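The following exercises are to be worked through in order, with the sequence and the model at hand. Each task is followed by its solution.

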Amino acid sequence: MINAGFIKSKIDYVREQVGREVIFYTPNTPLVNTYVNPVTDTSFNQTTTANVILARIHWTNDEQITATPGGKYFVGDCQIHIDPMYQSIAEVAQTEGGKVVVDGHDMSITKIIPVGASSINRIRIILVSMGARP
């Protein structure tokens, strides 16, 4: 029998030993009762929240291509693994135009993949650089 708690504890231990901190920036959209034009109204300020999360980081090279029966695709500049409790933060950063800073590089999220058997014990996030390649 597989002990899901034991496996997750080992994954968490490895992340604590080899992981580094990444920063998820998520936008905070102010709630207003009236229409606000963000171009002309200077009082409209969209703020961001910074969430520092421990992640296992894997940088890929520029030629990292994966071949599948459906064709070839680029797998991203960087992959990180985080604890599943941070999945909602990653989803907000992906859908609301946030970013992730990994080793000083601004990255955007292209894919969020829950991983694990028999239960989800980590989240793999595929990132691409928002500027020059790392």
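A nonpolar core is a set of buried Ala, Val, Leu, Ile, Met, Phe, Trp, Tyr and Cys residues joined through side-chain atoms within 4.5 Å; buried means under 20% relative accessible area, with a 1.4 Å probe and protein chains only. The model is predicted: local features need pLDDT of at least 70, side-chain atom pairs count only at pLDDT 80 or more, and totals for chains, interfaces and linings use all residues. Residues are numbered from 1 along each chain as its sequence is written, and side-chain values use heavy atoms, with hydrogens and water left out.

**Exercise 1.** Determine the secondary structure of the protein and the pattern that it follows along the sequence.

*Solution.* Helices (H or I, at least four residues) and strands (E, at least two) are DSSP runs, numbered from the N terminus. On this basis the protein has two helices and eight strands. Their order along the sequence is α-β-β-β-β-β-α-β-β-β.

**Exercise 2.** Describe how strand β5 is covered and which strands it pairs with.

*Solution.* Strand β5 spans residues 78–82, and five of its five residues are buried. On one side lie Cys 78, Ile 80 and Ile 82, and on the other Gln 79 and His 81.

Next, consider pairing, for which DSSP must find at least two bridges between two strands. Strand β2 (residues 47–59) runs antiparallel to β5 and is joined to it by four bridges. Strand β8 (residues 122–129) also pairs with β5 in the antiparallel sense, over five bridges. Gln 79 of β5 stands opposite His 58 and opposite Ile 126 in β8.

**Exercise 3.** Identify the residues with the most contacts inside the largest nonpolar core, and the elements that give two or more residues to this core.

*Solution.* The largest core has 18 residues, and Phe 24, Ile 80 and Ile 125 have the most contacts inside it. The elements giving two or more residues to this core are β1 (20–28), β2, β5, α2 (87–95), β6 (99–102), β7 (105–115) and β8.

Now take Ile 80, counting as a contact any heavy atoms within 4.5 Å. Beyond its neighbours within four places in sequence, Ile 80 is in contact with residues including Val 22, Phe 24, Ile 57, Val 100 and Ile 125. In soluble globular proteins, nonpolar side chains tend to be buried together.

How values were computed:
Buried < 20%, exposed > 50% of the residue type's maximum accessible area, 1.4 Å probe, protein only.
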